[in-house]
Amino acid sequence: KRTIYYTQEIFYQNDKRYSLPSNGFTPELADIFHQLDALYKVNLSKARTPAAVPARWFGLGSNAQFQRYFEEKSSVSVSNLDELCRWLAQCRYVHDPIQFNERDHWQHPVQFEKSQAGDCEDHALWAWRKLVRLGVDADFVIGHLKSSDASLSGAHAWVTYKQNGRHFLLEATGKNIRQMRKPIEQTSQTYTPWYSIDNQFQTYQFPYYVYQHLGAKKLARGK
C-alpha cells in the first residue's frame with residue numbers, strides 16, 4: 001500500500017482535533033474520509049497540517065514572500081469588519097488578462113488600494129492584511145470554488161478568520177455585504193482549500209484535497 005508521509009489533523013468546531021501519525025494516511029483512508037464527508041457532512045475543510053509550502057504553490061502570480069504584502073503604508077483606514085467589507089464591496093472584479101495582460105498577477109495591497117480593481121487574490125490579500133492589522137486571527141487561503149455558475153468555478157482565493165470562538169469565511173470579492181461573511185460550516189460544499197497561511201506566516205496544506213486532486217508527490221515530505 002502506498003503511504004503519504006505527513007501528519008493529518010481534523011479540527012472540530014470545539015477546537016479539539018484528531019491526529020494521525022505521519023505514516024497513517026493511506027489511499028484507503030482517503031476514501032473513508034470521502035464517505036464521511038458525503039454521508040455525515042464531516043467538515044474536511046478544517047483538516048490541515050503545517051507545512052513549508054513554497055509561495056509559488058499558491059499561484060502563478062505568487063512570486064514574493066507573504067511578509068512583503070504587509071510592507072508599505074496603507075492609504076485606507078478601516079476600524080472594524082463592517083468597514084472592511086464596505087470598502088471591498090465598491091471595488092471592481094477584473095480578470096488579470098484584462099487588467100495586466102498577464103495570466104496571473106498578484107497586486108500588493110497598497111497597489112490594490114490605488115486601482116480598486118483586481119481579481120480574487122487581490123481582494124483576499126488586502127482583506128487578510130487588514131484583518132491581521134485589526135488583531136483578528138485570520139488566514140489567507142487558496143483553493144477551489146464550486147459555483148452553480150460554471151464560469152465562476154475554479155481556483156479561488158478567500159480569507160478565513162476566527163471571531164468569538166467561531167470560524168468564518170470571508171468572500172472578499174462579494175458585493176453583497178451581508179453575504180460576504182459565512183460560518184465556515186456552511187461553506188464546506190463550495191469552498192475546498194488547498195493551501196493557507198496564517199497571521200504568523202505559518203503555511204499549511206490540506207492533505208485530503210491535495211492528495212485527491214493534485215497527486216501524491218506534493219504531499220510526500222514537502223517535495
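**View 1. Confidence along the predicted chain.** In this predicted model, the protein chain has a mean pLDDT (the predictor's confidence in each residue, from 0 to 100) of 81, and 71% of its residues reach 70 or more. Residues 1-8 have pLDDT below 50, and this stretch makes 36 contacts (heavy atoms within 4.5 Å) beyond near neighbours in sequence. Over residues 213-223 pLDDT also stays under 50, with 22 contacts in the model beyond four places in sequence. Where pLDDT is low, predicted coordinates should not be read in detail. Residues are numbered from 1 along each chain as its sequence is written, and side-chain values use heavy atoms, without hydrogens and water. Local features need pLDDT of at least 70 and side-chain atom pairs count only at pLDDT 80 or more, while totals for chains, interfaces and linings use all residues.

**View 2. The open sheet of seven strands.** The strand order is β3-β11-β10-β6-β7-β8-β9, with antiparallel pairing. Strands (E, at least two residues) and helices (H or I, at least four) are DSSP runs numbered from the N terminus; two strands pair if DSSP finds at least two bridges between them. At the edges, β3 (49-50) and β9 (181-183) each pair on one side only. Six bridges link β6 (residues 137-145) with β10 (residues 191-197) in the antiparallel sense, and F140 stands opposite I197 in β10.

**View 3. Helices on the sheet.** Helix α2 (residues 81-89) packs on the sheet and touches β7 (154-163), β8 (166-170) and β9, its direction making about 125° with that of β9. Helix α5 (residues 120-133) touches β6, β7, β8 and β10, at about 15° to the direction of β7. Axes are lines fitted to C-alpha atoms, for helices over the stretch in contact, and angles run from 0 to 180 degrees between N-to-C directions.

View 4. Antiparallel strands β7 and β8 are joined by five bridges, with K162 opposite H167 in β8. Two residues lie between the strands of this hairpin, and N164 in the turn has a positive phi of about 55°. β8 runs antiparallel to β9 over three bridges; F168 has P183 in β9 as its bridge partner.

**View 5. Lining of the largest pocket.** The pocket (on a 1 Å grid over the protein atoms alone, an open set of points where a 1.4 Å probe fits, with protein on both sides within 12 Å along at least five of seven lines; lining residues have an atom within 4 Å of a point) is lined by 38 residues, of which Y93, C120, L152, A155 and H156 lie nearest its centre. At least two lining residues come from each of α3 (96-99), α5, β6, β7 and β10.
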